Each structure stands twice: as structure tokens, then as C-alpha cells.
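Colleague: Could you walk me through this model and tell me what lies behind each label you use? I'd like to see the value and the cut-off side by side.

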Amino acid sequence: DKACEKIQRWRMGYHIVATAYVWNNLFEAAADIHENFLYTKELWEIMRTEIYAYLELLMIKKQKEQIRKIFSNMEFRKKFVHHYDVYVSLFIDDTYPLTNTLKCMAIFNRINNAQDVYR
């Protein structure tokens, strides 16, 4: 339906702008708008790749408090549990038991490989 497509495009636009803000170290500006795409359950599957990239960029930029706030939403945390595991392991407790080591290692690798590029 056309209305749903329009809303989805708006949400994608918010993602692009929030990502640009994070890229340019404008973290508060990103936080002001990321709720427009992060917490819309209907978009979690459609925008899964984009949400992964956003969370990983926040981790690369070491935005612990922003990530903590994002994962305070329990439904979101449950849906993106592997990213939550990586967040906890990187910033809170490096002995934290991962729910799926293989999936988490892929996230760790993307973050580690991008550290120098995105700082």
C-alpha cells in the first residue's frame, strides 16, 4: 500500500540522517531522531541490516550510554540479542556469556575491522 511505503521511506530517511550524525560525532542529534526507526517493530525485519549497521557504528564510536539507552527497550533487546551481547561484552563485562558465539563473532569482526576507518 502506498501509505505504508511512504512511511517506510520516511523511516529509512531518519536512519540515513541518524547514521550521518553518528558518523560526524553528532551523537545527541542522532539520539533525537533514531527512535523514529529503531523502535518501530513493524520495521525490524525490513530494516534489520540498517539497524545492525547503526548499532555497530555506535559501538565503533564507543557510544556506551546511547547503546545502553537503546537496549533498555526490552523488546528491542530481545530482537537484537546478538548485538546486545556484543555491547555487554565490549563495554560492561568481557566474560559475559554470548547467546550465539558464531553470530556474535561476526559482529565483533565487523566492529574491529572498521575501528580505524570510522573514528
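**Values against cut-offs**

Modeller: Searching the whole structure turns up twelve aromatic pairs. Rings of Phe, Tyr and Trp (its six-membered ring) pair if their centres lie within 6.5 Å; planes under 30 degrees apart are stacked, over 60 edge-to-face, and the rest tilted. Please bear in mind that this is a predicted model, where local features need pLDDT of at least 70 and side-chain atom pairs count only at pLDDT 80 or more, while totals for chains, interfaces and linings use all residues. Residues are numbered from 1 along each chain as its sequence is written, and side-chain values use heavy atoms, with hydrogens and water left out.

Colleague: What is the geometry of the pair formed by Phe71 and Phe76?

Modeller: Phe71 and Phe76 are 5.6 Å apart centre to centre, with 50° between the planes.

Colleague: How do you know whether Phe76 is buried or exposed?

Modeller: Its relative accessible area is 0%. Buried means under 20%, exposed over 50%, and partly exposed in between (1.4 Å probe, protein chains only), so Phe76 is buried. Phe71, also at 0%, counts as buried, and Trp44 is buried too. Counting contacts (heavy atoms within 4.5 Å) and leaving out residues up to four places away in sequence, Phe76 touches Leu38, Tyr39, Trp44, Ile51, Leu55, Ile70 and Phe71.

Colleague: Which residues have the most contacts inside the largest nonpolar core?

Modeller: They are Ile51, Tyr54, Phe71 and Phe76, in a core of 31 residues. Helix 3 (48-60) is among the elements that give two or more residues to this core, as are helix 1, helix 2 (27-38), helix 4 (64-71), helix 6 (81-91) and helix 7 (101-118). The largest share, seven residues, comes from helix 3. A nonpolar core is a set of buried Ala, Val, Leu, Ile, Met, Phe, Trp, Tyr and Cys residues joined through side-chain atoms within 4.5 Å.

Colleague: What makes helix 6 mostly covered?

Modeller: Eight of its eleven residues are buried; among them are His82, His83 and Asp85.

Colleague: What about Gln63: buried or exposed?

Modeller: Gln63 lies in the loop between helix 3 and helix 4. Its relative accessible area of 17% makes it buried. Beyond its neighbours within four places in sequence, Gln63 is in contact with Phe27 and Leu58.

Colleague: What makes Glu75 and Lys41 a salt bridge?

Modeller: Their closest N and O atoms are 2.8 Å apart. The definition asks for a side-chain nitrogen of Lys or Arg within 4 Å of a carboxyl oxygen of Asp or Glu, so the pair qualifies. Glu75 lies in helix 5 and Lys41 in the loop between helix 2 and helix 3, so the bridge ties parts 34 residues apart. Glu75, at 46%, is partly exposed, and so is Lys41, at 45%.

Colleague: How do Glu56 and Arg110 meet?

Modeller: In a salt bridge too, at 2.7 Å from N to O. Glu56 is in helix 3 and Arg110 in helix 7, 54 residues apart. Glu56 counts as buried at 8%, whereas Arg110, at 39%, is partly exposed. Elsewhere, salt bridges with shared partners join Glu45, Arg48 and Lys79 into one network.

Colleague: Why does Trp10 count as exposed?

Modeller: Trp10 has 52% relative accessibility, and exposed means over 50%. Trp10 belongs to helix 1 (residues 2-23).

How values were computed:
Helices (H or I, at least four residues) and strands (E, at least two) are DSSP runs, numbered from the N terminus.
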